[in-house]
Structures are given as structure tokens and as C-alpha cells.
Amino acid sequence: MSFLSFFLGEKKKTANVAKERLQIILAHERSGRNAAEPDYLPDLQRELVAVISKYIKINPDDIKVNLERQDNLEVLEVKIELPDSR
């Protein structure tokens, strides 16, 4: 968010806000401990279900969140099965 848009009250796009939140979460986890599975993943999964449920009916079991680590690389994988549009 730029300095000017802050004062003009320009709203951010939802995708950008979500991206920034994920970046903050990942940065926090990287600087913290080296757990096998970070404790924020279940919360992240619940929040994704809540947001997607606002737009379509979805089964909470259809969203999987996984974090894989290899050397200095971390990959956050989010799998979402959407119901047929029929």
C-alpha cells in the first residue's frame, strides 16, 4: 500500500491482502522455530474454508494445506477441490 493510497482511503484487493498475510506468516515462522509443521497451518486452513464458503458451498475436507521444506526452500501448498458448477 502506498503512502498516498493510505491517506486517500483506497481499498486493497482481497487477493493482495491475503498474499501479504501469508508473507507475514511465513516470515514469522522462518524467523521463529524450526518445527516440522507450523502451528498456523490449521488456522490457515479454517480461514480458507470460511472465505471460500462465502462464495460457494464447500466441504472443509476439500481444502488441504501443506508446508514442505527442502534445504533453504519452503513450499506452501494449498489444494482446493471445488464442487462441480452443475
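Within the protein chain, confidence is lowest in helix α1 (residues 3-8), with a mean of 54, and highest in β2, with 85. These values are pLDDT, the predictor's confidence in each residue on a scale from 0 to 100. Over the whole protein chain the mean pLDDT is 75, and 71% of the residues reach 70 or more. Where pLDDT is low, the predicted coordinates should not be read in detail. The model is a predicted one, in which local features need pLDDT of at least 70 and side-chain atom pairs count only at pLDDT 80 or more, while totals for chains, interfaces and linings use all residues. Residues are numbered from 1 along each chain as its sequence is written, and side-chain values use heavy atoms, with hydrogens and water left out.

The protein chain contains 3 helices and 2 strands, arranged from the N terminus in the order α-α-α-β-β. Helices (H or I, at least four residues) and strands (E, at least two) are DSSP runs, numbered from the N terminus. Of the 86 residues in the protein chain, 15% count as buried; buried means under 20% relative accessible area, exposed means over 50%, and partly exposed lies in between (1.4 Å probe, protein chains only). The accessible surface of the protein chain amounts to about 7,400 Å², and carbon and sulfur atoms provide 54% of this surface. Accessible areas come from the Shrake-Rupley method with a 1.4 Å probe, and for residues only the protein chains shown count as cover.

The two strands may be considered next. Strand β1 (residues 63-70) pairs with β2 in the antiparallel sense over 8 bridges, where pairing requires that DSSP finds at least two bridges between two strands. Together β1 and β2 form a hairpin with 2 residues between them, and D71 in the turn has a positive phi of about 55°. V65 has V78 in β2 as its bridge partner, and R69 stands opposite E74 in β2.

R69 and E74 also form a salt bridge, with their closest N and O atoms 3.0 Å apart. The term denotes a side-chain nitrogen of Lys or Arg within 4 Å of a carboxyl oxygen of Asp or Glu. R69 is partly exposed, at 33% relative accessibility. The structure holds 3 salt bridges. Another joins E77 and K79, whose closest N and O atoms are 3.9 Å apart; E77 is partly exposed at 29%, and K79 is partly exposed at 48%.

Helix α3 (residues 40-53) includes L44, which is buried at 10% relative accessibility. Apart from its neighbours within four places in sequence, L44 is in contact with L22, V65 and L76, contact meaning heavy atoms within 4.5 Å. D43 is partly exposed at 38%, whereas R46 is exposed at 53%.

On the surface, V51, Y55, I56, V78, I80 and L82 form a nonpolar patch with about 560 Å² of accessible area together. Patches consist of residues with over 30% relative accessible area and no salt bridge; like charges are joined within 9 Å and nonpolar side chains (Val, Leu, Ile, Met, Phe, Trp, Tyr) within 5 Å. I80 lies in strand β2 (residues 73-80) and is partly exposed, with a relative accessible area of 35%.
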